[in-house]
Amino acid sequence: MSVGRLFTIKPCNRSLTLLQFGRKQQMQMAMMDTYFISHGSPTLAIEDIPARQFLLNWEKELPHKPKAILVISAHWDTSLPSVNIVPRNSTIHDFYGFPEEMYKLQYNAPGAPDLAKRVKELLINSGFKTIKEDPSRGLDHGAWVPLSLMYPTADIPVCQLSVQSRQNGEYHYRMGQALAPLKSDGVLIIGSGSATHNLRALDFRNPIQPAPWAEAFDSWLMEALVSGRHDEVNRFQEKAPNARMAHPYPDHFYPLNVALGAAGEGAKAELLHNSWSLGTLSYSSYAFRSTN
């Protein structure tokens with residue numbers, strides 16, 4: 001017989017068995033941090049670069065597998081929030097002109113229909129009036145490229161949630177706040193985008209050394225996150241240096257706002273990785289540690 005069935009703690013005239021206390025502790029221990037991953041180029045899946053090695057060593061950051069994964073990907077941009085509800089995810093090769101081996105890669109992780117329904121419920125309860133369900137969409141490269149390195153066995157159920165680039169950072173932060181309860185259910189929330197993303201400014205002649213404007217934006221983002229200036233991060237287009245140059249379109253930044261919002265008030269940001277590709281493409285990736 002377990003200890004929890006033998007003894008009872010009675011604080012303030014209310015009983016709490018040790019078994020119940022243990023379950024409560026387990027729930028607290030299951031609370032997930034949230035993450036923002038800069039996925040950069042699709043060739044992250046095959047190139048021997050520092051960002052790839054960082055993701056291949058993901059178990060050092062998160063040694064226990066989550067029950068399910070929710071990915072907010074920059075590459076699914078819709079007018080209204082949408083979730084994919086599929087029994088098994090297909091692999092979307094949503095890029096052109098890359099090495100042939102890229103199109104042979106598959107990451108057919110199980111779908112997460114129950115998680116998708118829960119995401120929809122949480123968003124609606126938080127004032128997002130219309131949430132669409134997509135019964136056929138698989139995983140775009142913003143999801144499957146990093147996940148293929150982080151969890152190569154593809155055995156964890158995955159659900160995708162879209163961004164709305166016509167909205168703003170505060171909107172996406174509120175979306176993240178609505179999703180916060182998922183963390184205590186063992187769901188890993190990942191925003192997948194890019195700390196800087198201007199494809200027209202890529203520098204193939206000087207690929208490793210970051211351009212000054214890109215480095216200035218990347219440094220501002222790190223300082224703002226680590227110092228807890230979340231309001232500025234949510235209004236990065238107004239507050240950050242070179243914001244329009246770093247993100248001509250905001251789709252690759254908004255997954256960060258969602259992940260940050262889901263971490264909760266007072267969350268602590270930690271820079272997990274920083275490296276550069278093609279002069280202007282930052283692979284800065286962050287953990288957002290919940291404090292409550």
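Visitor: At what angle do helix α3 and helix α5 pack, and how far apart are their axes?

Guide: Helix α3 (residues 113–125) and helix α5 (residues 169–179) meet at an angle of about 120 degrees, with 8 Å between their axes. An axis here is a line fitted to C-alpha atoms over the stretch in contact, and angles run from 0 to 180 degrees between N-to-C directions. Helices are DSSP runs of H or I with at least four residues, strands are E runs of at least two, and both are numbered from the N terminus. Mind that this is a predicted model: local features need pLDDT of at least 70, side-chain atom pairs count only at pLDDT 80 or more, and totals for chains, interfaces and linings use all residues. Residues are numbered from 1 along each chain as its sequence is written, and side-chain values use heavy atoms, leaving out hydrogens and water.

Visitor: Which residues of α3 and α5 meet, and what classes do they belong to?

Guide: From α3 come Val119, Leu122 and Leu123, and from α5 come Met175, Ala178 and Leu179. Contact means heavy atoms within 4.5 Å. By class that gives six nonpolar, no polar and no charged residues. Val, Leu, Met and Ala are in the nonpolar list, along with Ile, Phe, Trp, Tyr, Cys and Pro; Asp, Glu, Lys and Arg are charged, and the others, Gly among them, are polar.

Visitor: What makes α5 "mostly covered"?

Guide: Eight of its eleven residues are buried, including Tyr171, His172 and Leu179. Buried means under 20% relative accessible area, exposed means over 50%, and partly exposed is in between, using a 1.4 Å probe and protein chains only. These buried residues pack against β4, α3, β7, β8, α7 and α10.

Visitor: Why is Asn168 said to cap α5?

Guide: One of its side-chain oxygens lies 3.3 Å from the backbone nitrogen of Glu170, at the N-terminal end of α5. A polar contact is a pair of N or O atoms within 3.5 Å, one able to donate a hydrogen and the other to accept it within protein; residues adjacent in sequence count only if both atoms are side-chain atoms.

Visitor: What is Leu179's part in the largest nonpolar core?

Guide: That core has 53 residues, and Leu179 is named with Leu70 and Phe288 as having the most contacts inside it. Such a core is a set of buried Ala, Val, Leu, Ile, Met, Phe, Trp, Tyr and Cys residues joined through side-chain atoms within 4.5 Å. A second, separate core of 33 residues includes Ala45 and Leu55.

Visitor: Is Trp76 buried or exposed, and how do you know?

Guide: Trp76, in strand β4, has a relative accessible area of 6%, so it counts as buried.

Visitor: What about Ser82, buried or exposed?

Guide: Ser82, in strand β5, is at 6% relative accessibility, so it counts as buried. Its side chain reaches the backbone oxygen of Leu80 at 3.1 Å.
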